[in-house]
Amino acid sequence: MTTTLPPSSAPTDPDRPASFSGTHVLGEPGQIDADGVCAWFGGRIVLESVDLVMEKSKVTALIGPSGCGKSTFLRILNRMHEVVPGAQLAGSVELDGVDIYGPGQRAMETRRHIGMVFQKPNPFPAMTIAENVLAGLKFSRISPANKSDLIEESLTKGGLWNEVKDRLGELGGALSGGQQQRLCIARSLAVKPRVLLMDEPCSALDPTSTLRIEQTIKEIADEVTVVIVTHNMQQAQRVSDYCAFFLAEENQPGRVIESGRTEMIFGEPTDQRTFDYVNGQFG
Amino acid sequence: MAIDLDTPRSEPQHVAPTPITITRDYSTPDRIFRRSVQISGGGVFLLLVAIGSFLAWYGWPAFETAGWGFFTHSGPVTPGSSSGFGVLASLTGTVEVAFVAMLVGAPIAICTALFLSEYAPLKTRPTMIAMIDLAAAIPSIIFGLWAFFELQPNVVGFSTWLSRHASFIPFFKVTSPPLNASIFIAGLVVGIMIVPIVASICREVFSLAPAGEREAALALGASRWQMIRTVVMPFARGGMIGAVMLGLGRALEETIAVSIILGGSYKVTTEILQHGGSTISQLIATNFGSGGELGLHDLLLCGFVLFLLTLVINLAASAIVNRSRSGAGVDL
């Protein structure tokens with residue numbers, strides 16, 4: 001099913017669409033180009049000059065030790081960074097050529113196109129499983145033609161359908177941690193985002209749930225571009241096509257040390273620091 | 001050796017398990033602490049019972065004299081006169097003042113709290129919060145004086161406008177002007193008085209809404225208002241009701257500000273815009289010491305009625321708070 005959002009403003013330059021709403025169709029994977037991204041918290045720079053392309057329909061993993069700015073970078077990609085008080089940023093982030101920080105771009109709109117799954121599962125605890133799946137559409141005031149089909153489709157993609165199909169009316173908070181996280185993935189997929197950002201989605205989960213979510217990531221990669229932050233080297237190797245290694249050296253802001261195809265980063269990295277990190281020498 | 005498979009072997013006899021008794025052995029400091037919190041906790045409950053029984057006991061002679069008429073009569077003004085002193089007008093007045101106060105105060109308080117917790121600029125937020133908390137500490141006599149000299153003259157015009165254009169609502173009908181010293185104005189003052197305390201508690205509850213769920217809503221493309229409606233308000237519903245009920249408690253018992261404003265006529269009326277009306281606490285405060293012994297009994301029985309009213313309202317409130325679940329019943 002494809003849902004289009006109503007156009008909000010006409011593009012100013014015919015070659016360069018000014019807004020996703022009129023020109024882009026939800027449900028098709030998109031490409032993100034981050035250019036010269038810097039970030040500050042309370043005036044302190046934490047991320048400097050990150051240039052990274054996250055290719056369409058591919059899984060890009062952001063790896064690196066704690067506190068090197070991976071999550072911050074991820075949150076910049078769908079404008080969740082600005083929710084944090086005292087947070088600032090520089091540079092540009094383009095979704096298929098449209099700067100999401102450009103004038104006239106609304107954060108709400110951006111987040112509909114670039115969804116996010118968080119480290120800690122956060123379903124709406126007092127909404128039912130079905131309501132949780134439909135929550136994003138309700139925010140956008142979109143009424144799907146067939147709700148039950150969409151619920152089934154989204155939960156199937158999230159790898160949760162078989163476990164919950166008989167109890168869609170139960171509360172989202174009643175599920176186990178791993179199921180809650182898959183519900184969050186299903187909820188994000190229900191709005192047909194073009195990119196899905198995942199911030200250490202498995203760090204609070206057991207190995208079985210982790211495996212299940214990794215399967216889900218592989219299954220959805222055709223339909224949505226995935227960017228995943230992970231501390232788990234094996235996971236990055238298992239699920240990602242591309243990898244970017246972030247590092248913040250002492251008293252320095254985080255930077256991308258190396259990025260490229262996952263086999264290359266893990267097999268024959270060009271930078272010694274990358275080699276040390278992926279081989280468990282530090283971090 | 002051949003094994004005999006034909007004779008059934010006897011099962012080990014089944015013994016029903018019994019739970020063991022765990023003896024709790026507290027250390028001395030723990031025991032002292034337990035006992036002192038038990039005493040203070042139980043003491044508050046005893047105090048409640050003691051106050052209730054005291055009021056009932058000393059109000060009883062008044063009930064014996066007036067009978068059920070005590071609850072159906074309204075006046076005359078003097079308590080202690082054996083002919084038909086009654087609480088009815090003051091009881092309805094109390095409810096009316098509280099109703100106006102809640103209607104005015106609760107929405108303003110909740111909006112103030114939302115502004116402080118969600119929208120206020122971070123730099124000025126602590127100052128604003130401090131000011132609201134400070135406003136909660138302003139003595140009610142100050143509010144009463146301010147309302148008498150400043151608010152009342154300015155509200156009379158609005159009352160007149162209401163009585164002219166909205167008199168199809170029975171409450172806004174006026175049969176005997178003037179329009180000052182009315183239940184409406186008293187309700188307004190009390191409404192303004194309860195804003196700081198209700199806002200302060202609501203803000204605290206709103207700020208406890210889980211950050212993860214807030215982010216979940218925003219990341220799904222919710223506007224700030226949608227996020228507040230989906231996450232903050234349902235989470236805070238119980239606390240909000242508690243805060244409003246605390247405000248209502250204050251509105252019911254507010255004495256001095258109401259006494260300054262109200263005209264004090266003991267007649268049951270729904271016409272809240274016009275001069276007159278009384279509340280139970282105002283009745284007690286203005287008549288205390290008059291009317292001899294029976295007058296005192298009368299007033300204490302009035303106090304018992306007020307005590308029961310607040311008790312019932314608080315019990316109802318706690319029932320609502322218990323039933324409302326964080327995040328429940330959200331309709332986007």
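**Entry 1: the core.** I began with the largest nonpolar core, which has 155 residues. A nonpolar core here is a set of buried Ala, Val, Leu, Ile, Met, Phe, Trp, Tyr and Cys residues joined through C-beta atoms within 7 Å. I noted that buried means 20 or more other C-beta atoms within 10 Å of the residue's own, exposed means 12 or fewer, and partly exposed lies in between, with C-beta atoms placed from the backbone. The members that touch the most other members are A:Phe245, B:Val189, B:Val190, B:Val198, B:Cys202 and B:Ile261. Helix α6 (residues 183-206) of chain B gives the most to this core, with 17 residues. Helices (H or I, at least four residues) and strands (E, at least two) are DSSP runs, numbered from the N terminus. In soluble globular proteins, nonpolar side chains tend to be buried together.

**Entry 2: what I am looking at.** This is a predicted model, in which local features need pLDDT of at least 70, side-chain atom pairs count only at pLDDT 80 or more, and totals for chains, interfaces and linings use all residues. Residues are numbered from 1 along each chain as its sequence is written, while chains are lettered from A and ligands numbered from 1 in the order in which they are written. pLDDT is the predictor's confidence in each residue, from 0 to 100. For chain A I found a mean pLDDT of 87, with 90% of its residues at 70 or more. Over residues 1-17 of chain A the value stays under 50.

**Entry 3: chain B.** I found eleven helices and zero strands in chain B. Of its 332 residues, 39% are buried. I then looked up B:Cys202. Which residues does B:Cys202 touch, not counting those up to four places away in sequence? They are B:Ala109, B:Ile110, B:Ala113, B:Ala236, B:Gly239, B:Met240 and B:Ala243. Touching means contact: C-beta atoms, placed from the backbone, within 7 Å. Among contacts in chain B with a separation of 6 or more, 77% join residues 24 or more positions apart.

**Entry 4: where the chains meet.** The contact takes 23 residues from chain A and 20 residues from chain B. On the chain B side, α7 (211-219) and α8 (224-253) are the elements that give two or more residues. α7(B) gives the most, with six. By class, this side has ten nonpolar, seven polar and three charged residues. Ala, Val, Leu, Ile, Met, Phe, Trp, Tyr, Cys and Pro count as nonpolar, Asp, Glu, Lys and Arg as charged, and the others, Gly among them, as polar.

**Entry 5: a sheet in chain A.** I traced an open sheet of four strands in the order β2-β1-β4-β5, with antiparallel pairing. Two strands pair if DSSP finds at least two bridges between them. Strand β1 (residues 32-41) and β2(A) pair over seven bridges. A:Asp33 has A:Val53 in β2(A) as its bridge partner. Helix α2 (residues 70-77) of chain A packs on the sheet and touches β1, β2 and β4 (87-95).

**Entry 6: two positive phi values.** A:Asn251 has phi near 55°, a positive value in a residue other than glycine. A:Asn251 is in the loop between β9 (242-247) and β10 (255-261) of chain A. Is A:Asn251 buried or exposed? A:Asn251 counts as exposed because 5 other C-beta atoms lie within 10 Å. B:Ala181 is not a glycine either, and its phi is about 50°. B:Ala181 is in the loop between α5 (140-165) and α6 of chain B. B:Ala181 counts as buried because it has 20 C-beta neighbours inside 10 Å.

Methods: Contact = placed C-beta atoms within 7 Å. Axes fitted to C-alpha atoms, helices over the stretch in contact; angles between N-to-C directions.
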